Every structure is written in C-alpha cells, then in structure tokens.
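Q: Could we go through this model together? I would like to begin with the aromatic residues and then turn to the strands.

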Amino acid sequence: MKLDFSFIIPVYNRPNEIEELLQSFSKLKGDIPFEVVIIEDGSTLASKEVIRKYQSILDISYFFKPNSGPGDSRNYGMKKAKGNYFIILDSDCLLPSNYLIEVKNSLDNDYVDCFGGPDAAHKSFTSLQKAIDFSMTSVITTGGIRGNKKSIDKFQPRSFNMGLSKKGFLDTNGFGNIHPGEDPDLSIRLWNLGYKTKLIPEAFVYHKRRISWSKFYKQVYKFGSVRPILNLWHPSTKKITYWFPSVFIIGLLFSIVLAILNVYLPILAYVLYFSVAFILAILKTKNLMVAIKSVLAIIIQFFGYGYGFLKSTIILSLSSKKPEDLFPSLFFKP
C-alpha cells in the first residue's frame, strides 16, 4: 500500500509553538510527500498569520472550529485530511530532520495501523523541561510506557506523537471525548478490533512541554484520575502497576512517620530509590541542576498521579453514576 501522510495538529492559543513546529517541518529530510493539517480549536490567539508564512514551502491546510477539545479536533482534522495515514502531533513538539524517513522505513518493513514514538528533550530546553522529560520517560518512573524500548507493558501510543491509518480511524471513529486518556482509550479499542500497535523508537519528537510545577502537578493528577475510568471501560486492561504511584506515596508518608519514631529502614529504601533516580538523571542529562529537579519532578508526578488514581477509584466504586457525571472536567461535550 502506498502511504500518503497527513500530519494532524490541533492548536489552542499557541501561534509561537506552531511557528517552531513548522520550522522543523521545513527541515525534514527525504523526498517523502506529506501535508500538514492544522486545526485551530476555538483559539482567541490564532495562528493564521504564522501559517501564511509557510504556505509557500509546505502543503498546509488550516481550519478554525469552535473549542471542543484535542480529541474531537484531531477527528475533525482526520476527516478533512487527504492522506491515508495520519500522524498526530501536539503543537509543543519539534521534529528531528529524519523523523518521516524513520516512520516510513519502519512501516514499509513492518506495517501496523497504529504506531507511537517516544519524546525526548532538546538541548535548548530549560532545566525544568528536561527534568519533567526524565520523570515522564524513565523506566524507573513510568516503566517506559511513553516510548521506551524496555517498556514493562504493552505499548499504548500517545497522541503527542502517534500514527493512525485512515482505516483504523474509520473503524473506531477516532478519539473519544475524554481528556486526558483519549489516546490509551483509542489504542485499547483498536486492539479489541484486532489492530496492532507498535513503538518506533527512532521516530522520536522533542516534546517541549511549556509547563510549570503547578501545571505539571495538575496534568499528572488528571492522568491518575483518568486511569480508573479506562479500567472501568476496559476491564481486561487493568494492571497492578497502575497502583504503584499510590502505594509509593502512601509508603513514603508512612516511612517519614516511622523515621520520626526512630524506625529508619523504610525511609532508607526511599533514599536509595531517589539516589538511583538522581544518578540516572545525571547520566542522561549531564546536568546537576536537572538531576536535582528530576527528583522533585518524580515526587510531584507520583503524588499527583497516585492521589488522582486513588481518589477516582474510590469515587467510582462508591457511586453508580457515569464517569461523565462524576468527573465533568475530564470530558469535553460532544
């Protein structure tokens, strides 16, 4: 099958990000045709003028629609796209120059209807961005589920860097209205229909994550809150590992109490874990400040996800209401 690629990019009030992303598109290597479909999701700060600068060198389609969330905007873009294979990106990503070559080579050699790629930290990123990147991608924190070759779980592509065939889109109707969590939900529905997913390790993006500590906490809290809903919808995908952040934080709090009571062995286990994390961050980033912030990012990530997961699990188990009614902030209205 001849692959015709369409990049699908929803954007909300981030013209500067779109400009950086389009710059990276203009530097892609290889004679592989592609189109870029940008969906302005009800922005008040539009990207129209930025896009106009690149329309002479890139095949860009630009659409403006009322705000309905990233999942619905991606679906909208895929309906408008001309290609038969969609590559979905977040607007805060940058592409390395060989990105599309790696994607095409991998699909030509081992075709799947859905793939995902990892994210990486560019050398220009701030120390905070690099620390959060380490926390979100390390095997000792997330188990590599966001794109590590040593992932401990079946790979679920993430929508910041995700490929989906037109056939897969039509058979699933694309993303649902939950957010976050729309990408693992789509992956699971694809599996249920017999589709395969895979990781393309070489097809990484630089994921900028314009974020603060407070925004990072809010993000991971939502990730944790969503997972029990996905477990409810797709019981066969439940994993004991999803409980790890909650157990980790509860254990940390208890170990602090025990240390106050002169029982030090539990807290020493946590000191060992964070020491290993610090060393791995140093080895990866070669930066002391990034390594220190990485330890803080891990604590915030585990606490936010663990608390969100535990709270959501309890609420769902005690109520007969639909998740949409219990957690309206996690759903966009269709």
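**Aromatic residues and strands**

A: Y307 is partly exposed, its relative accessible area being 41%. Please note that the model is a predicted one.

Q: Where does Y307 lie?

A: Y307 belongs to helix α12.

Q: And what does Y307 touch, not counting residues up to four places away in sequence?

A: On that count, Y307 is in contact with Y217, Y221 and F302.

Q: What about the rings of F303 and Y307, how are they arranged?

A: Let us take the aromatic pairs in order. The structure holds 25 of them. In one, the ring centres of F7 and F25 are 4.7 Å apart with the planes at 75°, so this pair is edge-to-face. F7 lies in strand β1 (residues 5–11) and F25 in helix α1 (residues 15–26), so the pair ties together parts that are 18 residues apart in sequence. For F303 and Y307, the centres are 6.3 Å apart and the planes stand at 20°, so that pair is stacked.

Q: Why is the F303 and Y307 pair stacked?

A: Planes under 30 degrees apart count as stacked, and the planes of F303 and Y307 are at 20°.

Q: How far apart are F303 and Y307 in helix α12?

A: They are four residues apart in helix α12 (residues 288–318), which means a separation of about one helical turn.

Q: Which residues form one aromatic cluster?

A: The cluster consists of F244, F248, Y270, Y273, F274 and F302. F302 is also one of the residues that Y307 touches.

Q: Which rings have a charged end of an arginine over them?

A: The ring of F175 has the charged end of R74 over it, 5.0 Å from the ring centre. Likewise, the charged end of R227 sits over the ring of Y242, 4.3 Å from its centre.

Q: Changing topic to β1: how many of its residues are buried?

A: Seven of the seven residues of β1 are buried, so the strand is largely enclosed by the rest of the structure. Both of its faces are covered, with F5, F7, I9 and V11 buried on one side and S6, I8 and P10 buried on the other.

Q: Which strands does β1 pair with?

A: One is β2 (residues 34–41), joined to β1 in the parallel sense over seven bridges. In that pairing, V36 in β2 is the bridge partner of F7. Another is β4 (residues 85–89), which runs parallel to β1 and is joined to it by four bridges. There, F5 stands opposite Y85.

Q: What unit do β1, α1 and β2 make?

A: Together they make a right-handed β-α-β unit.

Q: One last topic: what is the order of the open sheet of three strands?

A: The order is β5-β10-β7, and the pairing is mixed. The edge strands, β5 (93–94) and β7 (119–120), each pair on one side only.

Q: How many bridges join β7 to β10?

A: Two bridges join β7 to β10 (residues 205–207), and these strands run parallel. A120 has Y206 in β10 as its bridge partner.

Technical notes
Residues numbered from 1 in each chain as written. Predicted model: local features only at pLDDT ≥ 70, side-chain atom pairs only at ≥ 80, totals over all residues. Heavy atoms only, no water. Pairing = 2+ DSSP bridges. Phe/Tyr/Trp six-rings, centres within 6.5 Å; stacked < 30°, edge-to-face > 60°. Buried < 20%, exposed > 50% of the residue type's maximum accessible area, 1.4 Å probe, protein only. Lys NZ or Arg CZ within 6 Å of the ring centre and 35° of its normal. Right-handed = clockwise from strand over helix to strand, strands pointing away. Contact = heavy atoms within 4.5 Å.
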